[in-house]
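Visitor: I have a chain open on my screen. Can you walk me through some of the contacts?

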Amino acid sequence: MRLAPRHARPRFGRLLPLVAIWAVPALIVGVQWYLVYVLENEWPRNWPFIVVNVGAWLTWIPLTPLLFGLARRWPLDSHAPDDDPAARRRRVRRSAGRHAAAALGITIAHALFWSAMSLLVQRRIEPETFARVSASAIYGVSVLARLVTGLLTYGAIVAVATTIDSLRRLREQELRGARLASELAAAQLGALKMQLHPHFLFNTLHAITVLIREDPPAATRTVTRLGELLRLTLSRAQHTEVALAHELELVRLYLDIEGTRFQDRLTVTYDVAPETLRARVPDLVLQPLVENAIRHGIAPRAAAGRLVVHAHRADGRLVIEVRDDGPGPGRAPSMSGGIGLSTTRERLRSLYGAAHELALLEAPGGGCIARLVMPFQLADDVDAGADARA
């Protein structure tokens with residue numbers, strides 16, 4: 001025997017909640033009439049009435065999916081994005097009229113069938129009743145009572161279906177809004193990042209221009225390092241955040257380029273705790289801090305300068321410091337207004353809100369410290385090679 005396809009088999013899992021829901025009123029009616037007949041000592045004779053009444057309620061189990069479908073097809077709420085309020089009201093009125101016709105049709109059929117079943121049972125077990133009252137009168141009263149109950153039941157089902165559908169649409173709108181907000185934030189971060197790339201490239205090309213006149217072999221080496229640096233930058237163009245190890249790799253290339261220009265005037269020291277190499281940081285977050293230190297702390301003076309890149313973890317946060325031994329922020333008032341630092345502030349604000357700090361501080365003994373604090377989060381793009389290079 002060939003089995004039906006999997007998608008064609010009845011989904012009993014969906015019927016179980018309906019059975020459980022409609023079993024409640026059926027059970028209440030059954031228990032109520034059972035107690036009445038037991039107290040009147042008529043249970044042995046009248047139990048078929050209980051079967052009829054319980055069956056009438058259980059009939060709503062297959063009818064409920066039908067009514068849910070009608071509620072979706074003829075919505076009673078004005079959720080469609082019409083510009084004309086009158087059009088929304090007309091649509092709701094049309095849906096209400098269709099539901100009224102469907103309610104009458106379904107409940108009349110339901111009342112006629114179960115009233116007929118009740119009449120057959122009553123004629124069989126209570127023939128004396130028909131000697132006093134006509135069958136048509138009994139049947140009419142039964143149909144009217146079941147019709148009223150049926151209309152109320154239809155309205156309750158459609159109301160529940162409309163509420164569920166409205167909540168579903170609201171949830172979808174919230175999810176869609178969250179996705180749009182996320183995409184907008186990503187676009188804003190991307191725009192800020194694109195502001196940083198030309199600024200970074202311009203400064204590097206300017207350094208190469210100087211080297212071409214003063215030291216052509218050094219210019220050639222610098223161009224090679226710039227190619228490596230651009231390759232790394234382009235390979236991470238789609239990443240908003242990267243591991244600190246990868247960020248340090250890019251900073252090393254940049255400082256190698258600057259080291260060629262400054263020669264013996266620049267000494268770089270890395271003091272990076274090993275556990276921070278896997279921390280997640282914004283892409284290109286260190287380069288503006290390092291560039292700022294060189295531009296305002298190293299370049300303005302003829303003497304040799306020292307630059308220290310330090311990173312450690314403290315109280316669940318990542319602390320990164322770029323320190324130079326230059327004149328300090330108090331003596332270089334323009335150092336906080338550059339494109340690189342202002343763009344970095346905007347990116348950090350977009351990514352972390354108030355959970356970050358970026359400050360230029362006076363270093364003990366002279367110099368400037370660019371201090372960056374952000375939540376410590378592990379990145380998933382660190383490999384062993386990156387650890388070793390860092």
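**Contacts of Arg-317**

Guide: Start with Arg-317. Leaving aside neighbours within four places in sequence, Arg-317 is in contact with His-312, Glu-357, Val-373, Met-374, Pro-375 and Phe-376. Keep in mind that this is a predicted model.

Visitor: Which element holds Arg-317?

Guide: Strand S5, which covers residues 317-324.

Visitor: What joins the side chains of Arg-317 and Glu-357?

Guide: A polar contact of 3.4 Å joins those two side chains.

Visitor: Let's switch to another arginine. Where does Arg-146 lie?

Guide: Arg-146 lies in helix H6, residues 135-214.

Visitor: What is the relative accessible area of Arg-146?

Guide: The value is 15%. The cut-off for buried is under 20%, so Arg-146 is buried.

Visitor: Which residues does Arg-146 touch?

Guide: Not counting residues up to four places away in sequence, Arg-146 touches Val-52, Asn-53, Ala-56, Ala-111, Trp-114, Ser-115 and Ser-118.

Visitor: With which side chain does Arg-146 make a polar contact?

Guide: The side chain of Asn-53, at 3.4 Å.

Visitor: On to helix packing. What describes a packed pair?

Guide: Two packed helices are described by the angle between their axes and the distance between the axes.

Visitor: What are the angle and distance for H8 and H9?

Guide: Helix H8 is residues 244-262 and helix H9 is residues 286-298. Their axes come within 9 Å and cross at roughly 25 degrees. H8 and H9 are therefore roughly parallel to each other.

Visitor: Right-handed or left-handed crossing?

Guide: H8 passes H9 in a right-handed crossing.

Visitor: Which residues of H8 and H9 meet?

Guide: From H8, Leu-244, Glu-247, Leu-248, Leu-250, Val-251, Tyr-254, Leu-255, Glu-258 and Phe-262. From H9, Leu-286, Gln-287, Val-290, Glu-291, Ile-294 and Ile-298. By class, the contact of H8 with H9 has 11 nonpolar, one polar and three charged residues.

Visitor: Glu-247 turned up there. Is Glu-247 buried or exposed?

Guide: Glu-247 in helix H8 counts as buried, at 0% relative accessibility.

Visitor: What does the side chain of Glu-247 reach?

Guide: The side chain of Glu-247 reaches the backbone nitrogen of Val-285, at 2.9 Å.

Visitor: Another pair, please. At what angle do H3 and H4 pack?

Guide: About 170 degrees, with the axes 12 Å apart. Helix H3 is residues 60-73, and helix H4 is residues 85-125. H3 and H4 are therefore roughly antiparallel to each other.

Visitor: Which residues of H3 and H4 meet?

Guide: Trp-60, Leu-63, Leu-66, Leu-67, Leu-70 and Ala-71 in H3 face these contacts in H4: His-99, Ala-102, Ile-106, Thr-107 and His-110. By class, the contact of H3 with H4 has eight nonpolar, three polar and no charged residues.

Visitor: Now the whole chain. How many helices and strands?

Guide: The secondary structure comes to 11 helices and seven strands.

Visitor: What share of the residues is buried?

Guide: Buried residues make up 39% of the 390 residues in the chain.

Visitor: And what about contacts between residues 24 or more positions apart?

Guide: Those account for 75% of the contacts in the chain with a separation of 6 or more.

Key:
Residues are numbered from 1 along each chain as its sequence is written. This is a predicted model: local features need pLDDT of at least 70, side-chain atom pairs count only at pLDDT 80 or more; totals for chains, interfaces and linings use all residues. Side-chain values use heavy atoms; hydrogens and water are left out. Axes are lines fitted to C-alpha atoms, for helices over the stretch in contact, and angles run from 0 to 180 degrees between N-to-C directions. Helices (H or I, at least four residues) and strands (E, at least two) are DSSP runs, numbered from the N terminus. Angles under 35 degrees count as roughly parallel, over 145 as roughly antiparallel, 65 to 115 as roughly perpendicular and the rest as oblique. A crossing is left-handed if the near helix is turned anticlockwise from the far one by less than a right angle, and right-handed if clockwise. Contact means heavy atoms within 4.5 Å. Ala, Val, Leu, Ile, Met, Phe, Trp, Tyr, Cys and Pro count as nonpolar, Asp, Glu, Lys and Arg as charged, and the others, Gly among them, as polar. Buried means under 20% relative accessible area, exposed over 50%, partly exposed in between (1.4 Å probe, protein chains only). A polar contact is a pair of N or O atoms within 3.5 Å; within protein, one must be able to donate a hydrogen and the other to accept it, and residues adjacent in sequence count only if both atoms are side-chain atoms.
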